[in-house]
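This report walks through one protein model. Keep the sequence and the 3D view open as you read.

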Amino acid sequence: MTRSDPSPAPAVGAQPEEADRLRELLRDRAYQKALVFSALIGVPVSLAAFWFLAGLHELEHLLWAELPARLGGGVPPWWWPLPLLALAGLAVGLVVRQLPGAGGHVPASGLHAAGMAPNALPGVILAAAASLPLGATLGPEAPLIALGGGLALFFSNLARAPATPQGKELLGAAGAAAALSAIFGNPLVGAVILIEVAGVGAPQLFATMIPALLSSGIGSLVFTGFGRWTGLSPGSLSLKVGVPFPRLDAGDVLWSVPMAVAVAAAVHVLLSVGRRSAVFVSASPVLRTVLCAVAAGACASVYALTVDRSPADVASSGQGVLARLAADPHAWSVGALVAVLLCKAVAYALCLGSLRGGPVFPSLFLGAAVGVLLAPLPGLGVVPGMAAGMAAATAGLLRLPVSSVLLVVLVLGSTAMMPVVILAAVIAFVTAELLPPGRAVPPMGKPADPPAARPATTEDDSPEPRRSSR
């Protein structure tokens, strides 16, 4: 008997088509020029991001530490967030209504790949400066992506570089990665986040990754050197855990599974409320943004009155309070943890749909607080609980599992918790993907469609923008 071979054997030395395309791309002069330009723009973009973050940090310190101290108090009084967030809502509402770009992407729609037009940057900067130092429960990462990508395109226009869609995508990703390089404490995180947010694949994946990594590394050097020279600190998301890292056991791994499911479901609810807030605000940007911002400030005031702690625990990105929680988790009573979780979650959902900023920092704090609260469960440790909670919250919120794992590991400064971090991130990602999508966020600066103009579908059947994961 003879065996038929319907397909000829591949020639010796033949390369896959994708590898050939990647090799051709790396040899292309235009792409090589893009690499050089990515390295060059990493310096001015990183300097702009440094001063932007340093300015936000100094303004926040002035409003939440120096001014209350001058008034004779060690911490801000309970009513302090109300006027600050009312002012933030008014400023953001005016930016959304009057300036190009509506102050940037609505945080409830997730992280977006760099694509902000240069003429929208003033609105992005003003909206972030009005939101973050004044008490918005949001982080700076989304404005940084917009700032870095927009500046990269601006410098590209100044240099009269050829304007092609692929070139704009590469330069925008490189600029955004340079801006993100220091805020997460490691240049690799910014590049990986941009890769997953862009959602490109095959040779495009590497074509985007190489400039992003190059510019991100240069940005990290600029941040480090310039910070030492000026003595200023823009702040970075890194923790010093005040309890020893334990050896993982079966209890830590088993508890991370239901914790990840529960955290992902809770984050899904917060996102749904945030999208509803965005729809509510879109009908009247100024007035309703003020209402949502004041309601978020009321959450911080209720927290301060309930547990006699600083309202800044709620009215902030969560970066500073997360560091304090990690350094001394046993200093938080059960009542304080429950109060900060409830109040910060509601404020977070309101800010997601009304003010401007990023969704990552508060989600990390909420996940860590859940882990500390559940740590007394039999077999679950404080550090594994924090690690699983942070991984589940970020993966469930952003739908970026690889970025979430890398971010949590680098924030903790150790790979000891890697198994529970990966397990929690994957389970939370799958849980979030299986949950029904929520209401779509209206386009920036545009009101939601009236009910009669919407398709005849249920509220949860409307398509959900997936900018953060695709």
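## Overall build

Of the protein's 470 residues, 51% count as buried. Buried means under 20% relative accessible area, exposed means over 50%, and partly exposed lies in between (1.4 Å probe, protein chains only). The protein has 16 helices and zero strands. Helices (H or I, at least four residues) and strands (E, at least two) are DSSP runs, numbered from the N terminus. Contact means heavy atoms within 4.5 Å. Take the contacts between residues at least 6 apart in sequence: 82% of them join residues at least 24 apart.

This is a predicted model, in which local features need pLDDT of at least 70 and side-chain atom pairs count only at pLDDT 80 or more, while totals for chains, interfaces and linings use all residues. Residues are numbered from 1 along each chain as its sequence is written, and side-chain values use heavy atoms, with hydrogens and water left out.

## The largest pocket

Rolling a probe the size of a water molecule over the atoms shows where empty space is left. The search here uses a 1 Å grid over the protein atoms alone and a 1.4 Å probe. A pocket is an open set of points with protein on both sides within 12 Å along at least five of seven lines, and lining residues have an atom within 4 Å of a point. Grid points are joined across faces, edges and corners, and a volume is the space filled by probe spheres set on the points.

The largest pocket has a volume of about 650 Å³. It is lined by 30 residues, and the closest to its centre are His-57, Glu-60, Ser-316, Ser-317 and Gly-320. Two or more lining residues come from each of α2 (29-70) and α11 (319-327). The most come from α2, with seven. By type, the lining holds 16 nonpolar, 11 polar and three charged residues. Here Ala, Val, Leu, Ile, Met, Phe, Trp, Tyr, Cys and Pro count as nonpolar, Asp, Glu, Lys and Arg as charged, and the others, Gly among them, as polar.

## Aromatic rings

Rings of Phe, Tyr and Trp (its six-membered ring) pair if their centres lie within 6.5 Å; planes under 30 degrees apart are stacked, over 60 edge-to-face, and the rest tilted. That rule gives two aromatic pairs. Phe-50 and Trp-51 are edge-to-face, at 5.5 Å centre to centre and 85 degrees between the planes. Phe-50 is buried, at 0% relative accessibility. Trp-51 is partly exposed, at 44%.

Trp-79 and Trp-80 form a tilted pair, at 5.5 Å centre to centre and 50 degrees between the planes. Trp-79 is partly exposed, at 38%, but Trp-80 is buried, at 9%.

## Loop residues

Most residues other than glycine have a negative phi. Ala-102 has a positive phi of about 55 degrees. Ala-102 sits in the loop between α3 (81-98) and α4 (121-131). Its relative accessible area is 4%, so Ala-102 is buried. Arg-399 also has a positive phi, of about 60 degrees. Its loop runs between α14 (382-398) and α15. Arg-399 is buried because its relative accessible area is 5%.

Where is Ala-416 placed? Ala-416 is in the loop between α15 (401-412) and α16 (418-434). Beyond its neighbours within four places in sequence, Ala-416 is in contact with Phe-245 and Leu-248. Phe-245 is 171 residues away from Ala-416 along the chain, yet their C-alpha atoms are separated by 7.2 Å.
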